[in-house]
Amino acid sequence: MSKKTHVSETPATQLLRANGIAFTEHPYEYVEHGGAQHSAEVLGLDPFSVVKTLVMQDQDAKPLLVLMHGNRTVSTKNLARQIGAKSVEPCKPEVANRHSGYLVGGTSPFGTRRAMPVYIESTILDLPRIAINGGRRGYLVGIDPQVCVELLDAKPVQCALAE
């Protein structure tokens, strides 16, 4: 693992800096399909506090973001019920890339290409700090989870299933 302490700016870090949000940088060696479990392991973090950003869509193909614990999966049925949608499903990677402006595996909820509603698993808001993607594969930023509500207007939901 490299000892770099600073990673070049991304749209996500630019947005955080522009809003005066303090964050820590956590670069790591990206592994294809490693996910939040891998990043938590190599960075010595609890996978419950590593938050993944999932690009999903409703029955009308309208995109939305879901922020979920790294060691949980989304119950799309529960999510759809809570947000008043008929159905919710993950976007195909190329569609997710187009909506967010980020590559899958490097999707941050901050600085997305397109404004999308954001839903956050409510228990994430109980954590003192979270690690969330900083807009590049192999790069997490540590922030206060309340920033997601303040900057993204993230709406709390309960749709987590244990992995």
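Hello everyone, and thanks for coming. Before we look around, please keep in mind that this is a predicted model, where local features need pLDDT of at least 70, side-chain atom pairs count only at pLDDT 80 or more, and totals for chains, interfaces and linings use all residues. Residues are numbered from 1 along each chain as its sequence is written, and side-chain values use heavy atoms, with hydrogens and water left out.

Let's begin with strand E6, residues 118-121. A word on the labels: helices (H or I, at least four residues) and strands (E, at least two) are DSSP runs, numbered from the N terminus. Which residues of E6 are buried on each side? Val 118 and Ile 120 are buried on one side, and Tyr 119 and Glu 121 are buried on the other, so both faces of the strand are covered. By buried I mean under 20% relative accessible area; exposed is over 50%, and partly exposed is in between, with a 1.4 Å probe and protein chains only. As background, in a regular strand the side chains alternate between the two faces of the sheet.

Now for the partners of E6. Strands count as paired if DSSP finds at least two bridges between them. Strand E3, residues 63-69, pairs with E6 in the parallel sense over three bridges, and there Leu 65 stands opposite Val 118. Strand E9, residues 155-157, also pairs with E6 in the parallel sense, over three bridges. Here Tyr 119 has Lys 155 of E9 as its bridge partner.

Ser 122 is buried, at a relative accessible area of 18%. Setting aside neighbours within four places in sequence, Ser 122 is in contact with Pro 156, Val 157 and Gln 158, where contact means heavy atoms within 4.5 Å.

Next, helix H4, residues 93-100. Its buried residues are Val 95, Ala 96, His 99 and Ser 100. Seen down the helix axis, these buried residues fall within an arc of 120°, so they line one face of H4; the arc is that of the directions from the helix axis to the C-beta atoms. And what covers them? The cover includes strand E2 (50-58) and E3. After H4 comes Gly 101, with a positive phi, near 85°.

That brings us to the inside of the model. A nonpolar core here is a set of buried Ala, Val, Leu, Ile, Met, Phe, Trp, Tyr and Cys residues joined through side-chain atoms within 4.5 Å. In soluble globular proteins, nonpolar side chains tend to be buried together. The largest core has 28 residues, and those touching the most other members are Leu 67, Phe 110, Ile 130, Ile 132, Ile 143 and Cys 148. Among the elements that each supply at least two residues of this core are helix H1 (11-18), strand E7 (130-136), strand E8 (139-143) and helix H5 (146-152). If you click on Leu 67, leaving out residues up to four places away in sequence, you will find contacts including Val 51, Pro 109, Val 118, Ile 120, Ile 132 and Cys 148. Apart from this core lies another, of twelve residues, among them Leu 64, Met 68, Leu 79 and Ala 85.

What about the cysteines? A disulfide here is a pair of cysteine sulfur atoms within 2.5 Å, and the structure holds zero of them. For Cys 91, the nearest cysteine sulfur belongs to Cys 159 and is 15 Å away. For Cys 159, the nearest is that of Cys 148, 14 Å away. Cys 91 is buried at 11% relative accessible area, and Cys 159 is buried at 0%.

Finally, how many salt bridges does a search of the whole structure find? It finds two, a salt bridge being a side-chain nitrogen of Lys or Arg within 4 Å of a carboxyl oxygen of Asp or Glu. One joins Arg 17 and Glu 9, with the closest N and O atoms 2.4 Å apart. Arg 17 is partly exposed at 41%, and Glu 9 is partly exposed at 32%. Lys 155 is partly exposed at 38%, and Asp 153 is partly exposed at 48%.
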